[in-house]
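Reader: Before I rely on the labels used for this model, I would like each one set against its definition. Could you take me through them?

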Protein chains: 2
Amino acid sequence: MKGMLYGIGVGPGDSELLTLKAKGAIERCDIIAYPVKKAGEKSTALEIIRPVVDVSSKEIMELLFVMDPSEEVRQEYRDAAMDEMCAAMEAGKDVAMITLGDPCVYSTFMRICNDVRERGYDTEVVSGVPSFCHGAAKAGLPLMLAYEGLAIVPASEENMPKVSVALDDFENIVIMKAFASIDAIIALMNEKGIPLECATVMSNIGMDTEYIGPLVAGRKYGYFTTVLVKKEGSRI
Amino acid sequence: MKGMLYGIGVGPGDSELLTLKAKGAIERCDIIAYPVKKAGEKSTALEIIRPVVDVSSKEIMELLFVMDPSEEVRQEYRDAAMDEMCAAMEAGKDVAMITLGDPCVYSTFMRICNDVRERGYDTEVVSGVPSFCHGAAKAGLPLMLAYEGLAIVPASEENMPKVSVALDDFENIVIMKAFASIDAIIALMNEKGIPLECATVMSNIGMDTEYIGPLVAGRKYGYFTTVLVKKEGSRI
């Protein structure tokens, strides 16, 4: 019998935020697969599950997904990763591909899931807690209440027009991947007359270097930085 | 020693989507508190945890939060709920207030959390899997990829202008509480030239009456209905 592929969200960093379902599925699988951007890279997702899942008896599979500018090159790597996983499933092994946060939020798993199904294998997505939920929880702030909306936008230089639209049209805005764009975000907020006090920075959530606090011009923040802007203010 | 208050997300419906942390926190607490809109109402959150947490040894506390149009009346009910929980904490008892999905996503807990802290009690938010993540997982669709944004908006008659803006400006839109506004959503999509094939309806996720499928004019959907619109199409 063929194996199947699980796409498993391991949550934002705290091992205890793994779901019962994720823990059970990983434990039942023969292989734990994890994506990396460079060969040999340490996997945060694997580190997250270690304290709560015994991985010593599992086969570990590193899947290389490079960040090449060419979509064709990226697809080649995805094809190679699928080849490797499908070969294992053909041999009857179940594969747990683990991913940070939730698989439906910016994860490579959803790019390959359909293709794997089309190759004739069963797949299942196991939801996880997204990082922005945990960040808001740690900051003690709701993402949204009542009939408010929430916009989630990643910040990059080319993406700032989208951030601008989100700041115009929504009460609550989660700006992800904000590390390199902090100055541009501050400039946008100033331009729109949104006080910086409306922003809460959430950096390296769940890590030793975790920071949750105000957005301050000139200050350096960690690589995994999300900014939550609540235009009605950060008080409820 | 005073007890403390936990706001615990129990996820979207599947008991196995409870996090290890939520299960542990509820098990350690003396009291399980749950919000209802009417006295004596059945609690979905309580039903979700039953199969994975032994609630028989716990004190159960029903908290009534009415949906009165007057904010003053609603605040009176919140004050009464806080009085009851704080009295228990004063007696040294830990309280687990359980809430569907994630506490930072439209939950009453975040409305009272600050006030409870100001009354001098410790609080902790335990994140859960939001329903829209699980709905997308069940539909086999990513919420967003790469540099895409996601807008989450609740639909109600007065809120349709916000839904309209979200449909204009975002690639991916989650329309929550869509039960009574399906026709208005279809009208908006038609007006904007967004094919109905771009929408996936997710109803009563995790329940016996679960439905995941196309958005069809004239069809009746369940009370807990969310619509996911992906303007690039529902195929990846």
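Author: In chain A, β1 (5–9), α3 (71–90), β4 (95–99) and β5 (123–126) are what the buried residues of α4(A) pack against, where contact means heavy atoms within 4.5 Å. The model is a predicted one, in which local features need pLDDT of at least 70 and side-chain atom pairs count only at pLDDT 80 or more, whereas totals for chains, interfaces and linings use all residues. Residues are numbered from 1 along each chain as its sequence is written, chains are lettered from A and ligands numbered from 1 in the order in which they are written, and side-chain values use heavy atoms, with hydrogens and water left out.

Reader: Which are the buried residues of helix α4 of chain A?

Author: In α4 (residues 109–118) of chain A, they are A:F109, A:M110, A:I112, A:C113, A:N114 and A:V116; helices (H or I, at least four residues) and strands (E, at least two) are DSSP runs, numbered from the N terminus. After α4(A) comes A:G120, with a positive phi near 105 degrees.

Reader: Why are α3(A) and α4(A) called oblique to each other?

Author: Their axes come within 11 Å and cross at roughly 50 degrees, the axes being lines fitted to C-alpha atoms, for helices over the stretch in contact, with angles from 0 to 180 degrees between N-to-C directions. Angles under 35 degrees count as roughly parallel, over 145 as roughly antiparallel, 65 to 115 as roughly perpendicular and the rest as oblique, and α3(A) and α4(A) are therefore oblique to each other. The contact joins A:Q75, A:R78, A:M82, A:M85 and A:M89 of α3(A) to A:R111, A:I112, A:D115 and A:V116 of α4(A).

Reader: What makes B:S181 buried or exposed?

Author: B:S181 has a relative accessible area of 6%, and buried means under 20%, exposed over 50%, partly exposed in between (1.4 Å probe, protein chains only), so B:S181 is buried. B:S181 lies in the loop of chain B between β7 (172–176) and α7 (182–192). Leaving aside residues up to four places away in sequence, B:S181 touches B:A155, B:S156, B:E157 and B:M160; of these, B:A155 is 26 residues apart from B:S181 along the chain, and their C-alpha atoms are separated by 6.3 Å.

Reader: How do you know that α6(B) and α7(B) are oblique?

Author: The axes of α6 (residues 160–169) of chain B and α7(B) come within 11 Å and cross at roughly 40 degrees, and the two helices are therefore oblique to each other. Their contact is formed by B:M160, B:V163, B:S164, B:L167 and B:D168 of α6(B) with B:A184, B:I185, B:L188, B:M189 and B:K192 of α7(B).

Reader: How do the residues of the contact of α6(B) with α7(B) divide?

Author: There are 7 nonpolar, 1 polar and 2 charged residues, with Ala, Val, Leu, Ile, Met, Phe, Trp, Tyr, Cys and Pro counted as nonpolar, Asp, Glu, Lys and Arg as charged, and the others, Gly among them, as polar.
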